Amino acid sequence: MPRTELSLALQVSNSALTKLSRNLISLGLVEEQASADVSGRGRPTVPLTISPAGGFAVGATLHKGVLEIALVDYAGGIISLTSEDVGAPDPQAFARLLEQRITELSVRHKLLGGRFLGVGVGLPGPPKGRAGNSWNIVNDLPGWRDVPLRQLLDDALGLPTMLENDANLSALAEYYLDDTVRRAATAVVFLLGYGIGAGVIEDGRLLKGQFGGAGDIGGLYPMDQPRPTTMDLLSVLREAGCPIQSVAHFDQAVAGHEAVIERWLERAAGQLELVVNSAISWFDPGEIIFSSPLPESLMARLAARLNQGQLRWPAHRPSAAIRVSRLGGSSIALGAALLPIHASSAVSFW
């Protein structure tokens, strides 16, 4: 936006906006764009934009057997997105590997000496308290539960580290990287990963809850019964004789087991109908998005079942069809990388 439009949007005087923008430009956080005014009449308007050179941040998460790392600039641009098979490392091994990859990526993309904003880590489970020092991590990651995780990773990495639930990070990534979501007053993102969770964005703010556990909807499903999650589908496939162990190379691994997947989709859609209808009633969302490390084509079939099912949109408002994230499983790592930027620039992070 040009300064005149920004002053109106922010409800500050032109002189105050000019001073503020001058300070932000000198800090390298904002930059001027070439003017789009080619009429040649009068003084051209000069739009301001967030500067990609304002800094960079790293995000990381563990899917089933896969480490994913995202590197983004200050404007949210994706510099790098990588994944590798790693098994299930404990927090110390995870931190050592992540530190090594951060150094390699910084050298490769010529970022050494740049403004480093921090590391975000996406975790499959809710925090044990709003401070987020320890977490109730899924059993598939041994050694991660009931330990001082924030301090452990800070010490191991030697870098400022922020931890967040993976569903919240998926919602954050959708907000920053999808213009449609950013235009919605309220967006709900359902993540089908190790477990099932939801992230809610309200007017650009992440809904956290009293103790940081908002959206932990896995509690709605009995622990002793199957849940509509990525891990659940992998388990169902293994019981049917498929040797799949991780989400890597999913399509090749499940060849010949299409009927098993079809039955799982039918069951999962029935299980998800209640929580989607609850979200409609509680949050009146403008956007509902499904995210998962599972293939986008499979998630699209799941969303289609729900859209054609018994979703209860109020008569006084238009419905909003469930969409599938274009970011796939990468939404967690990207949201983790955007977390330090969001925390430093949001009106109210907590």
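Visitor: What span does helix α2 reach from its first C-alpha to its last?

Guide: Helices here are DSSP runs of H or I with at least four residues, strands are runs of E with at least two, and both are numbered from the N terminus. The expected span of a helix is 1.5 Å times one less than its number of residues. Helix α2, residues 14–26, has 13 residues and reaches 18 Å, close to the 18 Å expected. Just after α2, Gly28 takes a positive phi of about 80°.

Visitor: On what basis are such values given?

Guide: This is a predicted model, in which local features need pLDDT of at least 70 and side-chain atom pairs count only at pLDDT 80 or more, while totals for chains, interfaces and linings use all residues. Residues are numbered from 1 along each chain as its sequence is written, and side-chain values use heavy atoms, with hydrogens and water left out.

Visitor: Which residues other than glycine have a positive phi?

Guide: Most residues other than glycine have a negative phi. Gln11, which is not a glycine, has a positive phi of about 60°, and Asp146 has a positive phi near 60°. Gln11 is found in the loop between α1 (3–10) and α2, whereas Asp146 is in the loop between β6 (116–123) and α4 (149–157).

Visitor: Is Gln11 buried or exposed?

Guide: Buried means under 20% relative accessible area, exposed means over 50%, and partly exposed lies in between, with a 1.4 Å probe and protein chains only. Gln11 counts as exposed because its relative accessibility is 73%. Asp146, at 48%, counts as partly exposed.

Visitor: Where is Lys208, and is it buried or exposed?

Guide: Lys208 is in the loop between β10 (205–206) and α7 (230–239). With a relative accessible area of 5%, Lys208 is buried.

Visitor: With which side chain does Lys208 make a polar contact?

Guide: A polar contact is a pair of N or O atoms within 3.5 Å; within protein, one must be able to donate a hydrogen and the other to accept it, and residues adjacent in sequence count only if both atoms are side-chain atoms. The side chain of Lys208 makes such a contact with that of Glu164, at 2.2 Å.

Visitor: How many residues does the largest nonpolar core have?

Guide: A nonpolar core is a set of buried Ala, Val, Leu, Ile, Met, Phe, Trp, Tyr and Cys residues joined through side-chain atoms within 4.5 Å. The largest has 42 residues, and those with the most contacts inside it include Phe190, Phe250 and Leu302. Among the elements that each supply at least two residues of this core are β8 (186–192), α9 (258–283) and α10 (296–307). Helix α9 gives the most, with 11 residues.

Visitor: How much space lies in the largest pocket?

Guide: On a 1 Å grid over the protein atoms alone, a pocket is an open set of points with protein on both sides within 12 Å along at least five of seven lines, and lining residues have an atom within 4 Å of a point. Grid points are joined across faces, edges and corners, and a volume is the space filled by probe spheres set on the points. The largest pocket holds about 1,000 Å³. Of the 29 residues that line it, the closest to its centre are Leu6, Val30, Ile50, Tyr176 and Ser345.

Note on methods
On a 1 Å grid over the protein atoms alone, a cavity is a set of points where a 1.4 Å probe fits but cannot get out, and a pocket is an open set with protein on both sides within 12 Å along at least five of seven lines; lining residues have an atom within 4 Å of a point.
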